[in-house]
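The chain itself is shown first.

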Amino acid sequence: MVAKILRRMMFFEILRFRRTFLVRAFSMSSLSPLASLLKNPSLLVKLDDGHLQSSESTFAVYNPADPNVIVGNVPIMAREDCSRAIQDSHVALTTHWRDGTTAAHRAELLRAWAALIHDNADDMATIMTMESGKPWKESRGETDYAISFLEYYASEAIRPSGAGGGFLTPTPFFDPGSGAPRGQVLAMHQAVGVTALITPWNFPIAMITRKVGPALAAGCTAIVKPSELTPITALALQVLADEAGIPQGVLQTITPDTENTASVGEEFCRNPLVQKLSFTGSTAIGKMLMAQSSNTVKRLSLELGGNAPFVVFADADLDQAVTAAVASKYRHAGQTCVCADRFLVHASVHDIFVGKLKRCVQELTVGPGMEEGTTLGPLISRDAVASVDEKVQEAINEGAELVLGGSPLKRKGPSYYDPTILTNVSSDSRIWKTETFGPVAPIRPFESDEEALAIANDSNAGLAAYFCSRDLSRAFQFSKRLECGIVGINEGIISHCVAPFGGIKASGFGREGSPLGIAEYLETKYVFLNFNA
Ligand code: SIN
């Protein structure tokens with residue numbers, strides 16, 4: 001046993017030495033444009049620009065602020081790489097991670113990783129802004145948000161409700177002979193196994209740690225497949241995980257390009273060694289993954305699209321409502337799943353609210369995310385701009401009134417859209433009925449609570465909803481009757497590591513954050529103990 005432990009320690013020492021060597025070698029190589037922006041260029045060691053990857057082919061990641069600029073070249077991984085990663089993950093799970101580590105040790109590793117992200121937080125924010133376009137301050141905020149999940153689940157790992165949990169109860173059975181109570185019911189929580197985690201481009205770091213934190217804390221191993229639009233942040237995160245001492249095979253990041261993404265997703269779904277798939281992204285892809293996972297009856301968490309209503313009642317504090325509306329609608333240029341997507345404003349305060357909202361939105365500073373003072377960055381791509389604009393023009397043709405914006409901001413670059421407000425929007429228009437990833441606020445008036453509720457619930461999405469009111473009784477009633485997983489009252493930013501995040505209806509199922517987040521990575525096994533028969 002001692003020899004086995006020593007052998008394992010030596011193995012990890014050798015790995016650590018290899019990593020240190022690679023990082024030093026990288027620092028000595030010539031710097032790419034992205035690397036020259038970083039205090040710690042070794043975060044890019046897994047990119048091809050570092051001359052250290054032996055990958056035969058790479059794909060380019062572009063800067064949304066200037067889509068002609070390549071941020072970095074990322075090794076292309078295909079289905080075979082994915083299946084190898086799954087095999088390695090299974091080996092790591094079964095040889096040491098699930099049963100050979102304590103929850104306290106796993107917590108220690110998560111904390112070490114969190115500390116390294118914290119030490120490199122400015123650089124992580126820079127990488128994120130360069131590939132996702134979000135304003136640097138938002139990226140820096142997202143980095144702290146990402147760290148919070150690792151710290152939270154490091155603590156949760158050792159709590160009875162978490163990985164170490166389970167319960168023992170006196171038996172409900174009686175011995176047929178003596179009539180005395182017989183045995184004990186034991187329920188134990190165990191790690192689900194190998195997990196596949198597919199994350200989106202709109203939160204390049206936090207959606208990874210929100211999944212990996214609880215997975216690793218529970219004793220699962222994990223393979224992350226980031227969006228092909230933002231893989232550099234994910235690879236930098238992997239560099240820090242390696243440096244923190246998370247053993248090889250326990251956490252891996254694979255980077256298929258657009259062409260290979262579907263087959264990698266399919267491998268995750270169809271490979272029987274993968275026990276759980278967690279996906280954040282569009283409803284269409286979520287449905288496809290769900291169908292592909294049916295053969296292996298895989299456990300799933302799906303955090304899919306939203307179409308959040310934002311209701312302003314007549315008794316709302318309108319200044320507070322506007323602050324919440326701007327925070328929710330214009331964060332990351334309206335490209336979050338929980339963004340307010342449809343505004344319903346009581347007819348008696350409609351014009352005042354619209355006026356205040358307009359003044360506030362006019363104060364947003366549109367520009368490249370790396371520019372000081374920018375509060376609204378570009379959309380992720382030119383295509384995104386075209387799709388938003390198509391919906392805006394359609395709504396105007398259907399009778400909506402343009403209060404602000406309403407067109408691409410070409411003078412800023414091909415991926416910018418002017419922050420837009422539309423009133424008198426038809427509830428049949430596409431901009432009302434479907435999720436719009438862009439800085440557009442469509443507004444309609446309403447007369448009664450019942451009418452607002454009916455319109456708010458008239459959607460197959462059920463992720464977030466918001467409303468503003470000073471009436472506590474209405475707050476309870478309306479929250480209960482809203483068909484969604486998350487409700488923000490007088491508040492536009494509702495995400496936090498202690499809160500259960502997730503949707504209902506076509507927005508998916510499963511929760512991330514809070515103690516429920518780790519339950520997604522645990523199985524419950526019932527064992528009957530009959531030692532006193
Ligand atoms: C999302 O849009 O998918 C996540 C948003 C958040 O965590 O705040």
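Contact here means heavy atoms within 4.5 Å. The model is a predicted one.

By that criterion N202 touches K134, E142, H332, Q335, T336, C337 and F437, leaving aside residues up to four places away in sequence. N202 lies in the loop between strand 5 (194–198) and helix 6 (206–218). Buried means under 20% relative accessible area, and N202, at 4%, is therefore buried.

D81 belongs to helix 2 (residues 79–100). Its relative accessible area is 23%, so D81 is partly exposed. In sequence D81 and V264 are 183 residues apart, yet their C-alpha atoms are 8.6 Å apart in space.

The two residues are set out below.

| Residue | Relative accessible area | Class |
|---|---|---|
| N202 | 4% | buried |
| D81 | 23% | partly exposed |

Helix 11 (residues 350–362) has 13 residues, which at 1.5 Å a residue should span 18 Å; the end C-alpha atoms are 18 Å apart, in agreement. Its buried residues are H350, F353, V354, L357 and V361. They cover an arc of only 95° around the axis and therefore sit on the same side of helix 11. D351 and R359 are exposed on the other side of helix 11. What do the buried residues of helix 11 pack against? Their partners are strand 10 (308–312), helix 10 (318–330), strand 11 (340–346), strand 12 (401–404), strand 13 (420–423) and strand 14 (440–446).

Helix 14 (residues 449–457) has A452, L453, I455, A456 and N457 buried. The buried residues of helix 14 pack against strand 10, strand 11, helix 13 (430–433), strand 14, helix 15 (472–481) and strand 18 (504–505).

Helix 4 (residues 121–132) and helix 7 (residues 231–244) pack with their axes 8 Å apart, at an angle of about 160°. Angles over 145 degrees count as roughly antiparallel, and helix 4 and helix 7 are therefore roughly antiparallel to each other. Helix 4 contributes M124, I127, M128 and E131 to the contact, and helix 7 contributes P231, I232, T233, A236, L237 and L240. The residues of this contact of helix 4 with helix 7 divide into 8 nonpolar, 1 polar and 1 charged.

Key:
Residues are numbered from 1 along each chain as its sequence is written. This is a predicted model: local features need pLDDT of at least 70, side-chain atom pairs count only at pLDDT 80 or more; totals for chains, interfaces and linings use all residues. Side-chain values use heavy atoms; hydrogens and water are left out. Helices (H or I, at least four residues) and strands (E, at least two) are DSSP runs, numbered from the N terminus. Buried means under 20% relative accessible area, exposed over 50%, partly exposed in between (1.4 Å probe, protein chains only). The expected span of a helix is 1.5 Å times one less than its number of residues. The arc is that of the directions from the helix axis to the C-beta atoms. Axes are lines fitted to C-alpha atoms, for helices over the stretch in contact, and angles run from 0 to 180 degrees between N-to-C directions. Angles under 35 degrees count as roughly parallel, over 145 as roughly antiparallel, 65 to 115 as roughly perpendicular and the rest as oblique. Ala, Val, Leu, Ile, Met, Phe, Trp, Tyr, Cys and Pro count as nonpolar, Asp, Glu, Lys and Arg as charged, and the others, Gly among them, as polar.
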